[in-house]
Structure formats: C-alpha cells, structure tokens
Amino acid sequence: TLFPYTTLFRSHARQLAARLQQIPGISIDPETVDTNILFFDVVGAKWSAKEFVAALKPHGLLLNAVGARSCRAVTHLDVPAEAIEQAAEKIARVLDR
C-alpha cells in the first residue's frame, strides 16, 4: 500500500517546515503541512520568491515561486531525512547573503 510512503513524505515535509520556521526571513506554519507539499513565504528580505528560487537552484534545491513572496517545496521518497536538514541549511545560508 502507499500508506507508509505517504507517512514518510509527510514526516519529511513537516521536518522541513519545522526547520524553516526557525530561519529568520521565512514564514511558515508547520501545523498546516498535511502532505509532502509545503508552502512558505520569504518575508522581510531583499528577495522576491522568484529571485530566491533562482538563488537556490545552484545549490541543488528546486523550488517553485508561486507568488510575489510565496514558495512551494515538495519532499520526495528518494530524499533521505539528512537531506532535509541540508536543504534547510542551504536555505538559511542563501537568505543570509
């Protein structure tokens, strides 16, 4: 069945959301993450969502801009939990530039 995979997807997305919530310049409510898709806003920063997504791409992070300040991220089954933390660290570093 897909249930174990769905639980893993959600776990990774919630892990990422919780970590993103700790990063200045990111606005997200981890309680709203119910699937492997999460949305967050880039706030109080010099970045538009489009610029931010473009800055993340060379670091191997492929997100989507879905508004002036909103981004969409999707966790995948083939991405290990350690990579979730690495992604959050990369996002923090890019925002800190």
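How many residues does helix α3 have, and how far does it reach from its first C-alpha to its last? Helix α3 covers residues 81-95, so to speak: 15 residues reaching 22 Å, close to the 21 Å expected at 1.5 Å a residue. Bear in mind that this is a predicted model.

**Helix α3**

- The buried residues here are I84, A87, A88, I91, V94 and L95.
- Look down the axis of α3 and those buried residues fall within an arc of 130 degrees, so they line one face of the helix.
- As background, an α-helix has 3.6 residues a turn, so residues three or four places apart point the same way.
- On the face turned away from the buried side of α3 you'll find the exposed residues E82 and R93.

**The nonpolar core**

- The largest nonpolar core holds 27 residues, and the ones with the most contacts inside it are L20, I26, L38, F40, F52 and I91.
- Two or more residues of this core come from each of α1 (3-21), β2, α2, β4 and α3.
- Setting aside residues up to four places away in sequence, L20 touches I26, I28, L38, F40 and I91.
- In general, nonpolar side chains in soluble globular proteins tend to be buried together.

**The aromatic cluster**

- There are 2 aromatic pairs in the model.
- In one of them, the ring centres of F40 and F52 sit 6.4 Å apart with the planes at 90 degrees; planes over 60 degrees apart count as edge-to-face, so that's what this pair is.
- This pair links distant parts of the chain, with F40 in strand β2 (residues 37-42) and F52 in helix α2 (residues 49-56), 12 residues apart.
- Both F40 and F52 are buried, and F52 has a relative accessible area of 0%.
- W47 and F52 pair up as well: their ring centres are 6.1 Å apart and their planes are at 65 degrees, so this one is also edge-to-face.
- W47 has 11% relative accessibility, and because buried means under 20%, W47 counts as buried.
- Put together, F40, W47 and F52 form one aromatic cluster.

**The sheet**

- What order do the strands take in the open sheet? The 4 strands run β1-β2-β4-β3, with antiparallel pairing.
- β1 (26-27) and β3 are the edge strands, each pairing on one side only.
- β3 pairs with strand β4 (residues 70-74) in the antiparallel sense, over 2 bridges.

- N64 belongs to strand β3 (residues 64-65), and its bridge partner in β4 is R72.
- Ignoring neighbours within four places in sequence, N64 is in contact with V53, S70, C71 and R72.
- The C-alpha atoms of N64 and F52 are separated by 9.5 Å, and the two residues are 12 apart along the chain.

Definitions and conventions: Residues numbered from 1 in each chain as written. Predicted model: local features only at pLDDT ≥ 70, side-chain atom pairs only at ≥ 80, totals over all residues. Heavy atoms only, no water. Expected span 1.5 Å × (residues − 1). Buried < 20%, exposed > 50% of the residue type's maximum accessible area, 1.4 Å probe, protein only. Arc of directions from axis to C-beta. Contact = heavy atoms within 4.5 Å. Phe/Tyr/Trp six-rings, centres within 6.5 Å; stacked < 30°, edge-to-face > 60°. Pairing = 2+ DSSP bridges. Core = buried A, V, L, I, M, F, W, Y, C linked by side-chain atoms within 4.5 Å.
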